[in-house]
Amino acid sequence: MNKKVLGIISQFNIEGDIVFLKPYGEGHINETYLVVSKIKDSQKKYILQRINNNIFTDVDKLMSNISLITEFSRKKIIERNGNPDRESLTVIKTTDNKPYYYDAEQNSYYRVYLFIENSVAYQVVENKNDFYQAAIAFGSFTNLLAEFDASSLYEVLPRFHDTKKRYNDFLTSVKKDKINRAKEVKEEIDFVLKREKYVDKIVSLLQSKKMPLRVTHNDTKLNNVLFDKNSGKYLAVIDLDTIMPGSLCYDFGDSIRFGCNPCLEDERDLAKVNFSIELFESYTKGYLESVKNSIEKIEKDNLVWGAI
């Protein structure tokens with residue numbers, strides 16, 4: 001076993017003795033390991049991750065958000081007689097009771113979650129039932145956190161959904177045209193310019209407080225939902241790095257942009273890229289069913305704008 005990784009995992013409150021570890025998963029952002037410990041005649045599994053502090057530069061704020069959300073979620077799940085170890089991420093604290101460990105030698109940050117047993121994640125939408133279940137999952141996630149004060153969260157990726165700023169940055173880039181290629185994409189530039197009136201629709205509603213501020217996941221791809229291997233139903237929403245305050249329209253839109261295109265997000269053959277109305281209808285049905293007790297009319301009226 002990797003001695004360096006063993007040294008890192010020993011900094012956390014792991015039960016039993018480590019008997020196995022290996023690289024795990026298909027994530028693009030964080031380095032991840034599956035860790036197995038033995039406790040008498042049973043085993044316990046954990047996920048160890050090295051946090052990408054090039055993207056998430058303030059790990060204190062990142063892990064504060066995740067800790068607050070998971071602690072609140074677990075409490076709500078217990079109140080409804082659920083199983084928080086399977087229906088939520090569980091942050092394992094360090095031996096000095098912190099949510100992450102800093103390795104000064106490598107200038108690296110690590111965290112540990114309890115492994116969610118008998119679960120599976122999918123990389124692409126293969127059928128509308130999977131997408132429907134993802135909609136139920138993310139809608140239920142919104143419901144679960146409906147009473148959480150979103151303003152208490154840090155904006156770990158500042159102005160991530162500030163579409164007005166992104167549009168203005170686009171205009172600046174076109175104007176500067178640093179390597180003289182704007183002329184090659186005039187049709188695409190004109191497409192964006194003609195849609196300026198849509199740019200700040202949701203941002204303005206939030207700023208005016210006409211739309212409620214919510215806890216938003218901000219990366220609502222199918223592979224951030226764990227499904228039960230046996231029943232096929234959703235278990236938990238994972239990958240909480242991008243948790244921030246925002247609008248549920250952001251999360252709905254993110255799911256639609258990802259899931260209604262039946263390709264991987266880095267597909268280079270653009271002929272394969274398309275938009276499935278059938279999948280859109282399936283996701284919308286599931287999402288509205290699951291958020292019906294907490295969604296407000298102004299949010300429902302603007303859901304589609306989240307995708308646009």
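**An enclosed helix and its neighbour**

In this predicted model, helix α8 is largely enclosed by the rest of the structure, because 11 of its 12 residues are buried. The buried residues are Leu 248, Cys 249, Tyr 250, Asp 251, Phe 252, Gly 253, Asp 254, Ser 255, Ile 256, Phe 258 and Gly 259. The helix covers residues 248-259 and reaches 17 Å from its first C-alpha to its last, close to the 16 Å expected at 1.5 Å a residue. Its N-terminal end is capped by Ser 247, a side-chain oxygen of which lies 3.0 Å from the backbone nitrogen of Cys 249.

Which residues does Ala 307 touch, leaving aside those up to four places away in sequence? They are Gly 253, Ile 256 and Arg 257. Gly 253 and Ile 256 are among the buried residues of α8. Ala 307 itself belongs to helix α11, and it counts as buried because its relative accessibility is 18%, under the 20% limit. Leu 145 stands 162 residues from Ala 307 in sequence, and the two C-alpha atoms are 22 Å apart in space.

Helix α11, residues 303-307, also holds Val 304. Val 304 counts as partly exposed because its relative accessibility is 44%, a value between the 20% and 50% limits. With Tyr 198 and Ile 308, Val 304 forms a nonpolar patch on the surface, and together the three have about 290 Å² of accessible area. Helix α11 thus holds both Ala 307, which is buried, and Val 304, which is partly exposed.

Technical notes: Residues numbered from 1 in each chain as written. Predicted model: local features only at pLDDT ≥ 70, side-chain atom pairs only at ≥ 80, totals over all residues. Heavy atoms only, no water. Patch = residues over 30% accessible without salt bridge, like charges linked within 9 Å, V, L, I, M, F, W, Y side chains within 5 Å. Areas by Shrake-Rupley, 256 points an atom, 1.4 Å probe, with all protein chains shown as cover. Salt bridge = Lys/Arg side-chain N within 4 Å of Asp/Glu carboxyl O. Helix = DSSP H or I, 4+ residues; strand = E, 2+ residues; numbered from the N terminus. Buried < 20%, exposed > 50% of the residue type's maximum accessible area, 1.4 Å probe, protein only. Expected span 1.5 Å × (residues − 1). Polar contact = N/O pair within 3.5 Å; in protein donor to acceptor, adjacent residues only side chain to side chain. Contact = heavy atoms within 4.5 Å.
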